[in-house]
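Dear colleague,

I am passing a structure on to you, with some notes on what turned up in it. Please look through the sequence and the coordinates before reading on.

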Amino acid sequence: MMPARTRAAGCLGDLRFDQLLAGELDGDTRVAAEHHIEGCAACRQLLAALQRDRDSFRARRPPLVRRGRIARRRLTVAAVGCLAAAALLLVLRGGFDRPGARVKGGPGLGLWVKRNDQVWRGAAREVVYPGDALRFTFTSRESGYLAVVSRDGGGQVNIYHPDGTIAAPIAAGNEVPLPGSIVLDQVVGPETLYVLFCSRPISLEPVQRALAERGHLADWDDCKVGAVMLDKREDK
Amino acid sequence: MVDLERIYREQGHIVLRRACRILGDEDEARESLQEIFAGLLARPAQFDGKSSVTTWLYSVTTHFCLNRLRSRRRRARLAEAFAALSSESDQPSDLLVTARQLLAALPADLAAVAVYCWIDEMTHDEIAEVLHCSRRQVGYLLERCRDQLRRRAA
């Protein structure tokens, strides 16, 4: 959280700083603001803090969920029945898995899709559309740290789970639901979900950078990694 | 048409930071960020282009967070704030604390100006810019705000 401050007379406020950083100040106002900042250590510090705050947000790239309320509602997984015996969407072995492959006892990701009032279990290469809500479950015999990272058809990398930049603890269990759900945005094309099941709480920012640079993720230290693709199409 | 997804990527930090300051809770601020942009995506015509994008984001964030404060079930804190007001001084820092605690109880127009003045520390000119009103009107609203706070403490 940005610290509160008491604005000194003559100094700039957050509104002017934000407008300056967004390039919205006109010529004279911008020149006056920049001139003041040059001569004011407090304003230089605050500007630097606001820039760091902005850069941190852009680097995290929290996904824009189109329907915030849906993201906070739990999909009623229990209402569609406990399908413990059903195939998992993706089973992790330590590298890429064949979508839909099953390994007895292996940790694995389950997917539920909600469209309008219908909910069903998703499969590899599931056809999805903007506005669909996705909910994940995870099955493992041991506890660990879990992350689900997505690379969409536009090359954008988002962290779907957890809501933060550190892999989150996950207890051992069968079809343990991950909190919240993801509502898909308008970007279409193949979207690849990367699941990292790790022995420690790894930072996800390096994962995001690596995935953005390389376009894929085969392995990661201290983690089992798996990938599965969804076929995201334009809603007609 | 305004590119809301680009605005989210490039200026979403402004909404998150201000929501954090107004609500005083990071989790709630993150949720508010999503709900504010979800609402904007559903009705993109809300941005009429009369102000800068930043000014517009300030306004929508303030209104959303104030509505959120009003729906909070924390009436006990208001009672504490009323008690604090009975020994208030005119020092800005005291008014800042009490303004934040009483925002949910103030009328919408006064709550907004209280946020801009005591949480954002804006000048009257800057508040006038965000509210699209005159500087004199801002002074009038702030005086009404102070009157309301004092009356509630009496």
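The notes below take up confidence, then the interface, then the aromatic pairs.

Please bear in mind throughout that this is a predicted model, for which the scores are ipTM 0.77 and pTM 0.51. Chain A has a mean pLDDT of 79, with 81% of its residues reaching 70 or more, while chain B averages 78, with 77% of the residues scoring at least 70.

Within chain A, the confidence is highest in helix α1 (residues 14-21), at a mean of 94, and lowest in helix α4 (residues 68-72), where the mean is 36. In chain B, the element with the highest mean pLDDT is α7(B), at 93, and the one with the lowest is helix α4 (residues 75-85), at 46. Over residues 73-97 of chain B the pLDDT is again below 50, and this stretch has 27 contacts beyond near neighbours in sequence.

Turning to the interface, 32 residues of chain B are in contact with 34 residues of chain A, and the two chains bury about 3,000 Å² between them, of which 50% is on carbon and sulfur atoms. There are six salt bridges between chain B and chain A, including one between Arg17(B) and Asp14(A), whose closest N and O atoms are 3.9 Å apart. Eleven residue pairs are in polar contact across this interface, counting those with both residues at pLDDT 80 or more.

On the side of chain B that touches chain A, the elements giving two or more residues are α1 (4-23), α2 (26-42), α3 (53-71) and α7 (124-131) of chain B. Of these, α1(B) gives the most, with twelve residues. By type, the residues on this side of chain B divide into twelve nonpolar, eight polar and twelve charged.

Finally, the structure holds four aromatic pairs over all chains. One of them is the stacked pair of Phe136(A) and Tyr160(A), with 6.4 Å from centre to centre and 25° between the planes. Phe136(A) lies in strand β5 (residues 133-140) of chain A and Tyr160(A) in strand β7 (residues 157-161) of chain A, so this pair ties together parts that are 24 residues apart in sequence.

With best wishes

Notes:
Residues numbered from 1 in each chain as written. Chains lettered and ligands numbered in written order. Predicted model: local features only at pLDDT ≥ 70, side-chain atom pairs only at ≥ 80, totals over all residues. Heavy atoms only, no water. Contact = heavy atoms within 4.5 Å. Buried area = accessible area lost by both parts, 1.4 Å probe. Salt bridge = Lys/Arg side-chain N within 4 Å of Asp/Glu carboxyl O. Polar contact = N/O pair within 3.5 Å; in protein donor to acceptor, adjacent residues only side chain to side chain. Helix = DSSP H or I, 4+ residues; strand = E, 2+ residues; numbered from the N terminus. Nonpolar A, V, L, I, M, F, W, Y, C, P; charged D, E, K, R; others polar. pLDDT = per-residue confidence, 0-100. Phe/Tyr/Trp six-rings, centres within 6.5 Å; stacked < 30°, edge-to-face > 60°.
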